Amino acid sequence: MRLGILVNEGPYTHQASDSAYQFVKAAIAKGHAIHRVFFYHDGVNNSTKHTEPPQDDRHLVNRWSKLAGEHGIDLVVCVAAALRRGIKDEMLAPGFRISGLGQLVETGIEGDRLVVFGD
Amino acid sequence: MSEFENDAGGESAGRIKKFMFVNRKAPYGTIYALEGLEVVLIAAAFDQDVSLAFVDDGVYQLAKGQQTKALEIKNFSPAYRALEGYDVEKLYAERESLEARGLAAEDLIVPVEVLSSTELAELMAVQDVVISS
């Protein structure tokens, strides 16, 4: 199955990014394809390379980057939501790119399912 | 880089899916309602079969007489009236949510179809994409 993923909450404050990451990993392990992961609302905060959690905590941004590198997953950050929260191209961790909301609608159209993580 | 980048001219051109946007949060206090409305407009620009459901505190998004001056936040409720211009005409409000908050269809700024939670669940079940915020 081809899956689209929507992450609506930032890292650490909320479980959404953890759950989405675990879901994506499990889906890939089961042989599903991930069409795109789209980050919206505070979810855009998952994309910045300046994130530095304490060393004994999981590094969510690096986890996403690694997953993108290993499996060629398209990680898209909403431009309007990002700019509103001070996130720009030069701050993005590897594997993330900034684009428009059309990319979310497109993954809704192209994917067999769109799975939403957030409140 | 604009909101409309990668618009409907791409590989998705001509494909129409049923998108339902489920609005569950009050219009102010959090950004979900405002940013949620942005996605609705983009989905409409992609010529998708768009509908909106208002449940829980989401019914307040459509309440008449919103006054936000003291909050120093823009009252964006007139935007719901503009949806018709984007051919977004399927608006549903959950009866139980309205009643629990002392609201009726005539208290809302746009015409909606009032549905029970059971009817709304049936409608959700036939959607291709449900985006909730």
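User: How is the radius of gyration taken, and what is the globule rule?

Analyst: The radius of gyration is taken over C-alpha atoms, and the globule rule is 2.2 Å times the number of residues to the power 0.38. This is a predicted model, where local features need pLDDT of at least 70, side-chain atom pairs count only at pLDDT 80 or more, and totals for chains, interfaces and linings use all residues. Residues are numbered from 1 along each chain as its sequence is written, chains are lettered from A, and side-chain values use heavy atoms without hydrogens or water.

User: What makes the radius of gyration of chain B agree with a compact globule?

Analyst: For 133 residues the rule gives a radius near 14 Å, and chain B has 15 Å, so the two agree. The C-alpha atoms of chain B fill a box of roughly 45 × 40 × 25 Å along the principal axes.

User: Why is Glu113(B) called partly exposed?

Analyst: Buried means under 20% relative accessible area and exposed over 50%, with partly exposed in between (1.4 Å probe, protein chains only). Glu113(B) has 44% relative accessibility, so it counts as partly exposed. Glu113(B) lies in strand β4 (residues 113-115) of chain B; strands are DSSP runs of E, at least two residues, and helices runs of H or I, at least four.

User: Why is helix α4 of chain A described as largely enclosed?

Analyst: In helix α4 (residues 102-110) of chain A, 9 of the 9 residues are buried, so the helix is largely enclosed by the rest of the structure. Among them are Leu104(A), Val105(A) and Ile109(A).

User: How many helices and strands does chain B have?

Analyst: Chain B has 4 helices and 5 strands, in the order β-α-β-α-β-α-β-α-β from the N terminus.
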